[in-house]
Amino acid sequence: MKSYTLQQINDVINGVIEGNTTNEVTSPEQMELANANQITFIGNKKYEKLWEKSNACIAIVNKDISIQPGDNRAFIKVNNADLAMSQILELFASAPPCFEQDIHSSATIHPSATIGNNVKIGAGSYIGANVTIGDNAVIYPNVTVLDDSKVGNGTTIWSGTVVRERCTIGALCILHPNCTIGADGFGFRPCPQQGLVKVPQIGNVVIGNKVEIGAGSCVDRGKFSSTIIGDGCKIDNLVQIGHNSVMGRFCIMAGNSGLAGSVTLGDGVVIGGSASIKDHVTIGSGAVVGAGSGVTCDVAAGKTVLGYPAVDGRVALKQWAILKRMATS
């Protein structure tokens, strides 16, 4: 079992120690559940009240903390407790699943595929014709990467994921279980003779570097050109990204949210959980879409919108306050 002293932990995060404890830390835990050999964090002053009843021996805290650690307990003060805690979690993280063979004997790899150095490919995976897998990539069991696709250096693809033909995934990406990259976009047109006629989707998906896509999420291929996910985007579980949508750099999409076709996001856009964005809408850089909102028109850079249909956040809050007073009057 891993264990660390107060000083060893502070050597990692370079904070300022207040108080002291002789207890060694064996794992991190949330305040309410922690025991005397666990470390926790206080990322917001409103949670200070939970510290008195917590059994944790150490808390990583922001520098504006207004309480004292107490007997045989310590705080490590840092500029950002959330970021510092992520470093501590890395200390205690388990090793990833083991590959007894770098390339499992049951994996199927087309002779024309190019496999880089130190690549791992798990049992039952399929690597198609003219696929390129970059150095240090990890392909877990039962992954499918179809013809002419590219996977960048150091990218990890978890089990059940399907990367359709001609798609490109950048370096240091993480695709969680059962992602689908490059499925056909949702394109149909009514026809009196045939009912709904399928519109061929002949584009692809291009994913930048350091992108993470959650379990069960889908990124559809473009109808003509590419659906694009910019560098550093983080996409939660069960997210839908429609054909020919373009996401800028460092965007965040929370679970169950979705982009319809041809949506454009600037850099640093945040989409809350279960929010829906109408087709052909543009959302400017730094804008925030609140959870459960429905965006039907363009959103200016830096603006926050809420509600269904989404409006300026301050307007939405006023509307809700008025409705609440009407309902209780």
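The side chains of S226 and N204 are joined by a polar contact of 2.5 Å. (A polar contact is a pair of N or O atoms within 3.5 Å; within protein, one must be able to donate a hydrogen and the other to accept it, and residues adjacent in sequence count only if both atoms are side-chain atoms.) Keep in mind that this is a predicted model, where local features need pLDDT of at least 70, side-chain atom pairs count only at pLDDT 80 or more, and totals for chains, interfaces and linings use all residues. Residues are numbered from 1 along each chain as its sequence is written, and side-chain values use heavy atoms, with hydrogens and water left out.

**Around S226**
- You'll find S226 in strand 24, residues 226–229. Helices (H or I, at least four residues) and strands (E, at least two) are DSSP runs, numbered from the N terminus.
- Skipping neighbours within four places in sequence, S226 is in contact (heavy atoms within 4.5 Å) with N204, V206, N244 and S245.

**The whole chain**
- The chain has three helices and 37 strands, and its C-alpha atoms fill a box of roughly 80 × 70 × 30 Å along the principal axes.
- Of its 329 residues, 43% count as buried. Buried means under 20% relative accessible area, exposed over 50%, and partly exposed in between, using a 1.4 Å probe and protein chains only.
- Take the contacts between residues at least 6 apart in sequence: 19% of them join residues at least 24 apart.

**Nonpolar cores**
- A nonpolar core is a set of buried Ala, Val, Leu, Ile, Met, Phe, Trp, Tyr and Cys residues joined through side-chain atoms within 4.5 Å.
- The largest one has 48 residues, and M247 and I283 have the most contacts inside it.
- Apart from that core lies another, of 18 residues, including I9, V25, I76 and M85.
- Not counting residues up to four places away in sequence, I283 touches T264, L265, G266, V269, I271, I277, V289 and V299.

**Around G19**
- G19 sits in strand 1, residues 16–19, and counts as partly exposed because its relative accessibility is 44%.
- G19 and D71 are 52 residues apart along the chain, yet their C-alpha atoms are separated by 7.8 Å.
- Leaving out neighbours within four places in sequence, G19 is in contact with L6, P69, R73 and A74.

**Pockets**
- On a 1 Å grid over the protein atoms alone, a pocket is an open set of points where a 1.4 Å probe fits, with protein on both sides within 12 Å along at least five of seven lines; lining residues have an atom within 4 Å of a point.
- The largest pocket holds about 200 Å³ of space. Of the 14 residues lining this pocket, the closest to its centre are R189, K223, H243, S262 and H280.
- The second largest pocket has a volume of about 150 Å³, and its lining is made up of Q30, M31, E32, T40, F41, G43, N44, Y47, L50 and D82.

- The peptide bond from Y308 to P309 is cis, with omega near 0°; P309 is in the loop between strand 36 (304–306) and strand 37 (311–312).
- L172 isn't a glycine, but it has a positive phi of about 60°. L172 is in the loop between strand 16 (168–169) and strand 17 (174–175).
- S274, also not a glycine, has a positive phi near 65°. At 40% relative accessibility, S274 counts as partly exposed.

Definitions and conventions
Grid points are joined across faces, edges and corners, and a volume is the space filled by probe spheres set on the points.
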